[in-house]
Amino acid sequence: MMQATANEENKVDKGVSINKRAVSKFQKDIQREFDKRPIEVPINADTARLSGASQPSTVNHYHGPTVTVNGDQAQVAWGDGTISQEQRDVSEVAEGYRDLAGILADILAKLDNLPLTEEDNQYTRENAEALLTEVVKAEPDNGVVRRGVTLVKGLLASITTGVNQAVTAESADYARETIAALGNAVGP
């Protein structure tokens with residue numbers, strides 16, 4: 001009578017199964033009660049022991065998500081679905097630099113697909129963005145523009161020569177055409 005049968009031992013070894021539906025319902029019921037009756041915890045501080053504090057601080061109890069955003073053009077995403085955000089910072093390109101701005105925008109759009117080293121990719125991005133910043137000024141500095149264009153052309157030249165790995169004929173053609181277009185955009 002004291003010994004358990006093999007069948008009883010197997011039942012014990014299987015462990016406990018959790019009713020996930022009941023647990024989920026229980027969580028929702030508890031949350032509903034918390035939503036009806038928010039928990040408030042009084043905070044008492046001995047201000048005599050606080051250094052430099054003459055008045056107690058204000059404590060705000062929010063009954064829901066609170067988001068504080070500081071800064072210009074900040075974006076906040078909420079939820080776990082697909083999020084698509086976009087910012088439009090429209091600046092007028094200086095006269096005579098529209099073609100250059102279009103070429104630079106195209107380079108930035110395709111940059112991650114070009115066979116450049118990570119360092120060259122970052123350097124190209126920084127220079128192209130700096131050039132775009134320059135050409136939206138009321139009077140862009142032509143020397144800064146020419147130096148920036150020369151740097152970007154030099155970085156793209158490594159694609160035309162096949163120095164980097166994974167250079168395709170398409171990427172080499174794109175680099176050649178873009179270098180020529182950059183040269184035409186700033187003139188001789």
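**Salt bridges, a surface patch and a buried threonine**

Asp-29 is partly exposed, because its relative accessible area is 26%; buried means under 20%, exposed over 50%, and partly exposed in between, with a 1.4 Å probe and protein chains only. Before I go on, this is a predicted model, where local features need pLDDT of at least 70, side-chain atom pairs count only at pLDDT 80 or more, and totals for chains, interfaces and linings use all residues. Residues are numbered from 1 along each chain as its sequence is written, and side-chain values use heavy atoms, with hydrogens and water left out.

Back to Asp-29. Its side chain meets that of Arg-32 in a salt bridge, 3.0 Å from N to O. By salt bridge I mean a side-chain nitrogen of Lys or Arg within 4 Å of a carboxyl oxygen of Asp or Glu. Both residues sit in helix α2, three residues apart, about one turn of the helix. Helices here are DSSP runs of H or I with at least four residues, strands are runs of E with at least two, and both are numbered from the N terminus. Arg-32 is at 45% relative accessibility, so it counts as partly exposed. Lys-25 joins Asp-29 and Arg-32 in a network of salt bridges.

How many salt bridges does a search of the whole structure find? The count is nine. One of them links Lys-110 and Asp-106, with the closest N and O atoms 3.4 Å apart. These two are about one helical turn apart, because they are four residues apart in helix α3. Lys-110 is partly exposed at 36%, and Asp-106 is partly exposed at 30%. Glu-92 and Arg-98 form another salt bridge, where the closest N and O atoms are 2.7 Å apart. Here Glu-92 is exposed at 58%, while Arg-98 is partly exposed at 41%.

Now the nonpolar surface. Phe-26, Ile-30, Phe-34, Ile-39, Val-41 and Ile-43 make a nonpolar patch of about 620 Å². Ile-43 lies in the loop between α2 (20–36) and α3 (98–110). At 62% relative accessibility, Ile-43 counts as exposed. Patch residues have over 30% relative accessible area and no salt bridge; like charges are joined within 9 Å, and nonpolar side chains (Val, Leu, Ile, Met, Phe, Trp, Tyr) within 5 Å. The areas come from the Shrake-Rupley method with a 1.4 Å probe, and for residues only the protein chains shown count as cover.

Last, Thr-124, in helix α4, residues 118–135. Is Thr-124 buried or exposed? Its relative accessibility is 0%, so Thr-124 counts as buried. Leaving aside neighbours within four places in sequence, Thr-124 is in contact (heavy atoms within 4.5 Å) with Ile-107, Leu-111, Leu-116, Val-152 and Leu-155.
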